[in-house]
Amino acid sequence: MSKFYTFTKTSFVRGMQCRKLVYLDKYCSKLRTPPDKETLLRFRKGREFEQKFKDLFPNAVDVKKHCSLRSIKYVEFTNSVLATKGCVELFEAGVLHGDILVLTDVLRKNEDGTYDVFEVKHSEKINSAIAWDVAVQYYVCKNALGNISSFNVVNRCGEGEFVVTDVTAEVEAKLKLVHENLDAFREILQGFEPDVPMGPQCDEPYVCDFKRYCMAKADTQCSM
Ligand code: SF4
């Protein structure tokens, strides 16, 4: 079965780091350098922190536990839960708008039909990657679900405490930019690998896993 979506929040965020990543992620994923021990440890800590926040919602439905690995099931199951009356809370709700799929960490449908969304990040600050991560999630959730009451980032404060920041106004202001960038990304996927020179974007906000590939390519071009 071909994928029913083109972009995820991760692929969008990576595209905002570097246009070339849009193309490489789609067509050359085998060229990535696998994550090192430090990165894997960061991922594990992130998952543990996320779980700690999720423990605050003991009645939530964990969509992942009800679905196979097929992402379409996430969307179908999420829609079936959201169709029930009253307040419901979900982990990893699959929300689809056009060709973009996002899985929200915590999604709450309130009694009045409005929604609250929580994105959990182990970092202490909202960096540019997190800002785009929530911006694309809001874009998808607003278009697919409608009435978003609040969109929140949950950061770490010290050793394991939570700080919840309502970023609804910020992500609302970015709707047009998200839309424009998605259009630009779709165009990139129709063409050739973008010619982007290496620069500060290769290390910010995260070290790019195609660095080895781009450095080898730059060396080849320099020696020609
Ligand atoms: S290494 Fe740098 S130029 Fe190459 S894809 Fe990654 S961010 Fe872009």
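**View 1. Val140, a buried residue of helix 6.** With a relative accessibility of 0%, Val140 counts as buried (under 20% relative accessible area is buried, over 50% is exposed and anything in between is partly exposed, using a 1.4 Å probe and protein chains only). Val140 sits in helix 6; helices here are DSSP runs of H or I with at least four residues, strands are runs of E with at least two, and both are numbered from the N terminus. Setting aside residues up to four places away in sequence, Val140 touches Val95, Leu96, His97, Ile100, Val102 and Leu145, where contact means heavy atoms within 4.5 Å. Lys65 is another story: 75 residues from Val140 along the chain, with 23 Å between the two C-alpha atoms.

A quick note for all the views: this is a predicted model, where local features need pLDDT of at least 70 and side-chain atom pairs count only at pLDDT 80 or more, while totals for chains, interfaces and linings use all residues. Residues are numbered from 1 along each chain as its sequence is written, and side-chain values use heavy atoms, with hydrogens and water left out.

**View 2. Helix 1 against helix 6.** Two packed helices are described by the angle and the distance between their axes. For helix 1 (residues 9–17) and helix 6 (residues 128–145), the axes come within 9 Å and cross at roughly 130°. The axes are lines fitted to C-alpha atoms, for helices over the stretch in contact, and the angles run from 0 to 180 degrees between N-to-C directions. Helix 1 and helix 6 are therefore oblique to each other (under 35 degrees is roughly parallel, over 145 roughly antiparallel, 65 to 115 roughly perpendicular, and the rest oblique). On the helix 1 side, the contact is made by Lys9, Phe12, Val13 and Met16, and on the helix 6 side by Ala129, Trp132, Asp133, Val136 and Gln137. These residues divide into six nonpolar, one polar and two charged; Ala, Val, Leu, Ile, Met, Phe, Trp, Tyr, Cys and Pro count as nonpolar, Asp, Glu, Lys and Arg as charged, and the others, Gly among them, as polar.

**View 3. Helix 1 against helix 8.** Here the axes of helix 1 and helix 8 (residues 175–190) come within 11 Å and cross at roughly 85°. That makes helix 1 roughly perpendicular to helix 8. Helix 1 brings Phe12, Gly15 and Met16 to the contact, and helix 8 brings Val178, Asn181, Leu182 and Phe185. The tally for this contact is five nonpolar, two polar and no charged.

View 4. Lys54 lies in helix 3 (residues 37–54) and, at 6% relative accessibility, counts as buried. The side chain of Lys54 makes a polar contact of 2.7 Å with the side chain of Glu92; such a contact is a pair of N or O atoms within 3.5 Å, and within protein one must be able to donate a hydrogen and the other to accept it, with residues adjacent in sequence counting only if both atoms are side-chain atoms. Glu92 is found in strand 3 (residues 88–97), is buried with a relative accessible area of 9%, and has a positive phi of about 55° although it is not a glycine. Glu50 also belongs to helix 3 and is buried at 17%. Leaving out neighbours within four places in sequence, Glu50 is in contact with Glu92, Asp105 and Val120.

**View 5. A cis bond at Pro205.** The peptide bond from Glu204 to Pro205 is cis, with omega near 0°. Pro205 lies in the loop between helix 8 and helix 9 (211–222).
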